[in-house]
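Welcome! Open your viewer, get ready to select a few residues, and follow along step by step.

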Amino acid sequence: MSHVEHLTDRVEALQLDRRKNIEQKRQERIFNDRVRTSGVDRVALDHQVKERREKEQREADERKDYANDLICDDRAACVLEQRQKKDERLLNEAIVQFRQQFQQASCSREFDLNDPELLKKQEGMKILAELTGEDSSSKKRQKKQKEQLRGWCIQQQQEREQTKQQLQQELHQYDQSRLSLDNRALELEKMEKQFRRAATTATKDYNLSLAAEITQRRLQEHREEEENNRTDIVNQLNGDLLTENPAQSTSVLGPSRLRRDCYKGMSPKELEQYTLGQQQQAEEKKRACKEQREKERKEYNLRMASARAALLLERQQERANKELRRALDNTNAQLAQAHSAQQKHIHKVYTNILDERYFSQFNSSNR
């Protein structure tokens with residue numbers, strides 16, 4: 001009879017293998033001391049992962065912001081560059097336009113000498129075409145050039161003379177202004193000297209009057225101080241301090257209070273009361289010392305009696321402990337004999353010896 005494999009058997013076999021693999025991995029995790037004792041802090045790991053993701057997100061945002069800033073800067077640079085190019089182009093166009101309007105070749109000083117259309121502009125009868133290399137108007141042109149050069153030289157001499165005259169006039173004006181400034185400075189210096197002389201005189205007069213006033217005030221203060229000193233001396237001589245008035249030692253706070261700065265000692269009556277008070281205090285102190293010694297003697301006798309009673313109780317407790325220890329030793333000896341007899345009986349009755357196979361069957365599963 002042939003064996004036929006059904007789909008359900010294959011599914012059950014796969015499920016059985018999967019459960020075996022799961023069970024094996026579970027046993028590896030459970031019987032691994034390091035994993036079982038230390039474990040994994042899932043909360044801390046999740047927190048670390050969250051912090052790392054937040055950090056990466058912040059870095060990505062910073063890079064994005066930096067890239068946006070770079071793009072903005074590039075756009076601004078492009079706009080500025082285009083504006084600069086536009087300004088340069090407009091400036092060049094304005095320069096070209098200015099040259100076309102105000103700096104044409106016909107406006108130059110030497111245009112009459114280099115004008116290619118000079119012959120066409122001349123009036124009169126037309127002449128024949130000249131041969132190549134001939135110049136029939138060279139003498140006229142040279143004469144005109146010499147006249148023009150002479151005119152320029154005369155103009156330059158006139159301009160030089162005019163400049164020289166203008167410079168001399170400016171130097172003359174400068175000398176005149178310098179003289180006027182020097183005269184003004186001398187006048188100001190003279191006025192300043194007069195003002196200083198007047199200020200010095202006024203200051204001298206003020207200082208003299210102030211010194212006289214200070215001298216007068218010091219004399220007045222000296223006279224007043226001497227008068228006050230004489231009055232103070234008379235008051236001290238006639239005062240209660242030197243006359244030793246006993247009434248001055250009484251304080252304003254009451255008749256039982258005395259003033260330390262005016263106290264001159266006790267009266268005979270106060271000395272007698274003070275002596276009687278000291279004698280009474282000495283007698284009271286003697287009586288208190290006697291009572292204290294009597295009290296200490298009673299306490300000492302009480303402590304001695306308590307110590308004797310405690311010593312008797314301690315000895316009695318030691319005797320009871322010895323009796324109890326002796327009874328306990330006898331009981332332990334009886335129990336040891338019973339345990340020895342029991343072990344001998346067990347060795348006689350139970351002959352099978354336990355080995356490693358017996359203990360290996362425990363703790364073999366993770367359930």
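Let's begin inside a helix. Select helix α6, residues 138–238, and pick out Arg178 and Asp175: they sit three residues apart there, so about one helical turn separates them. Keep this model's origin in mind as you look: it is predicted. The two side chains form a salt bridge, with 3.4 Å between the closest N and O atoms. Arg178 is partly exposed at 41% relative accessible area, and Asp175 is partly exposed too, at 34%.

Stay in helix α6 and select Glu189 and Lys193, which lie four residues apart, about one turn of the helix. Their side chains meet in a salt bridge at 4.0 Å, N to O. Glu189 has a relative accessible area of 40%, so it counts as partly exposed.

Next, select Arg196 and Glu192. What joins them? A salt bridge does, with the closest N and O atoms 2.6 Å apart. They are four residues apart in helix α6, which means about one helical turn lies between them. Arg196 is exposed at 52%, while Glu192 is partly exposed at 38%. In total, the count of salt bridges comes to nine.

Now move to helix α8, residues 268–349, and select Tyr274. At 46% relative accessibility, Tyr274 is partly exposed.

Finally, zoom out to the whole protein. Nine helices and two strands make up its secondary structure, in the order α-α-α-α-α-α-α-β-β-α-α from the N terminus. Of its 367 residues, 2% are buried.

Terms used
Residues are numbered from 1 along each chain as its sequence is written. This is a predicted model: local features need pLDDT of at least 70, side-chain atom pairs count only at pLDDT 80 or more; totals for chains, interfaces and linings use all residues. Side-chain values use heavy atoms; hydrogens and water are left out. Buried means under 20% relative accessible area, exposed over 50%, partly exposed in between (1.4 Å probe, protein chains only).
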